[in-house]
Amino acid sequence: MIRIKYRLPEIVALVLLGCSIAAGAVLAAGTTPVLVPWSPGGVDLGVRLDVLPTILLGFIASLGLLVAVFSRRNLEGQARRARFDVALSVALVTLALMVTGASLPVIAFGWTASGLATVALVGHVDGPRAR
């Protein structure tokens, strides 16, 4: 039986790819860029989807889906696989947040969090095989 936690990165990548396709369809219909404002305490924390973030979101989702499918088979049976799946999912979400951020604080948070998730991805394997 396949557990849902082992499919988490694939689900995240497919959701991001669907969002990219939907945003592309909305933008192709001739509407203005999509801006989702959110300003708690006077700080703009919204996201913006126009042509470039939509293309980058599709690229991130496609590449993330390829990595998730490859890692599912390659990391089968490893003890720290669940940690890798969570780190990959966090990396995908924070990269998506970084490219769609409408203000500098959102982009900076996405940049920092995706960097930390990438460090977790690079250092997830332990033991003599990793060296």
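1. A quick definition to start: helices (H or I, at least four residues) and strands (E, at least two) are DSSP runs, numbered from the N terminus. By that count the protein chain has four helices and two strands, in the order α-β-β-α-α-α along the sequence.

2. Keep in mind that this is a predicted model, where local features need pLDDT of at least 70 and side-chain atom pairs count only at pLDDT 80 or more, while totals for chains, interfaces and linings use all residues. Residues are numbered from 1 along each chain as its sequence is written, and side-chain values use heavy atoms, with hydrogens and water left out.

3. How much of the chain is buried? Buried residues (under 20% relative accessible area, 1.4 Å probe, protein chains only) make up 33% of the 131 residues.

4. Now find Leu-66 in helix H2, which spans residues 51–74. Leu-66 has a relative accessible area of 61%, so it counts as exposed (over 50%).

5. Next, take a look at the pocket (an open set of points on a 1 Å grid over the protein atoms alone, where a 1.4 Å probe fits, with protein on both sides within 12 Å along at least five of seven lines; lining residues have an atom within 4 Å of a point). H2, helix H3 (81–100) and helix H4 (104–122) each give two or more residues to its lining.

6. Who lines the largest pocket? Among them are Ile-60, Leu-88 and Leu-121. The lining has eight nonpolar residues, two polar and no charged.

Technical notes:
Nonpolar A, V, L, I, M, F, W, Y, C, P; charged D, E, K, R; others polar.
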